[in-house]
Amino acid sequence: MQNNSSPYKILEERFLNVRNKHRATEQAEAISNRAQVIIDFLIDNGIAYHVDIFPLSKTIELCNIVVNFNEAETDERIIFTAHHDVNNVSSPNILDNTASVANLLSLAVALKGVKLNKKCSIVFTDNEEFGGSGAEFLSEKIKAGEYGNVLGIVN
């Protein structure tokens, strides 16, 4: 069942009551509770995604969440990003970059099933607050050609 997909409703219904458990550099699982909220929203709205898990250290794994809209008949792609991690675990949950995450979730709903003239990806990156390792992991995949001809990234 599709939920109201306005960014305000996503913030209010999905993120307002999610307590920040850990900084990315301290979490025990690759998929944090905030990342799980994003995944649950995508599942609830029937949007295909995949999780890219990558190492931060020998003991800590993190994740980027990727939504690809690949129906365009071109190799050209535009990527939209927002980070899902938090720095201050005692801050209200709708602060930091959560508004950007909500906007991209809303965009994902709007793009679902739309025929695009360019490929499009939405990537929710991890660990922006402490070194940008999620963005770096995405950057390496772009350099390796996994996203085709990237025309631009909107953050």
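Predicted model: local features only at pLDDT ≥ 70, side-chain atom pairs only at ≥ 80, totals over all residues.

Visitor: How is a pair of packed helices described?

Guide: In general, two numbers are used for packed helices: the angle between the axes and the distance between them. Here helix α1 (residues 7-15) packs against helix α2 (residues 33-44) at about 120°, and their axes are 11 Å apart. The two helices, α1 and α2, are therefore oblique to each other. The crossing of α1 past α2 is right-handed.

Visitor: Which residues make the contact between α1 and α2?

Guide: From α1 come Ile10, Arg14 and Phe15, and from α2 come Arg34, Val37, Ile38, Asp40, Phe41 and Asp44. Sorted by class, this contact has five nonpolar and four charged residues, and no polar ones.

Visitor: At what angle does α1 pack with helix α3?

Guide: The angle between α1 and α3 (residues 98-111) is about 115°, with the axes 8 Å apart. Here too α1 passes in a right-handed crossing. On the α1 side are Pro7, Ile10, Leu11 and Phe15; they meet α3 residues including Val101, Ala102 and Leu105. The contact of α1 with α3 divides into eight nonpolar, three polar and no charged residues.

Visitor: Now the sheet. What is the strand order?

Guide: As a general idea, strands of a sheet pair through backbone hydrogen bonds, in parallel or antiparallel fashion. In this model an open sheet of five strands runs in the order β1-β2-β4-β3-β5, with mixed pairing. Strands β1 (50-55) and β5 (149-154) each have a single partner strand, so one side of each is left without a neighbour in the sheet. From one strand to the next, the twist averages 25°.

Visitor: In which sense do β2 and β4 pair, parallel or antiparallel?

Guide: β2 (residues 61-69) and β4 (residues 119-125) are antiparallel, over five bridges. One of the bridge partners in β4 is Phe124, which faces Ile65.

Visitor: Which helices lie on the sheet?

Guide: α2 lies across β1, β2 and β4, at about 25° to β2. Helix α4 (residues 133-143) also packs on the sheet, touching β1, β2, β3 (76-83), β4 and β5, and its direction makes about 110° with that of β1.

Visitor: How many aromatic pairs are counted?

Guide: The count is one aromatic pair. Phe54 and Phe137 are stacked, 4.8 Å centre to centre with 20° between the planes. Phe54 is in strand β1 and Phe137 in helix α4, 83 residues apart.

Methods: Residues numbered from 1 in each chain as written. Heavy atoms only, no water. Axes fitted to C-alpha atoms, helices over the stretch in contact; angles between N-to-C directions. Helix = DSSP H or I, 4+ residues; strand = E, 2+ residues; numbered from the N terminus. Parallel < 35°, antiparallel > 145°, perpendicular 65-115°, else oblique. Left-handed = near helix turned anticlockwise from the far one by under 90°. Contact = heavy atoms within 4.5 Å. Nonpolar A, V, L, I, M, F, W, Y, C, P; charged D, E, K, R; others polar. Pairing = 2+ DSSP bridges. Phe/Tyr/Trp six-rings, centres within 6.5 Å; stacked < 30°, edge-to-face > 60°.
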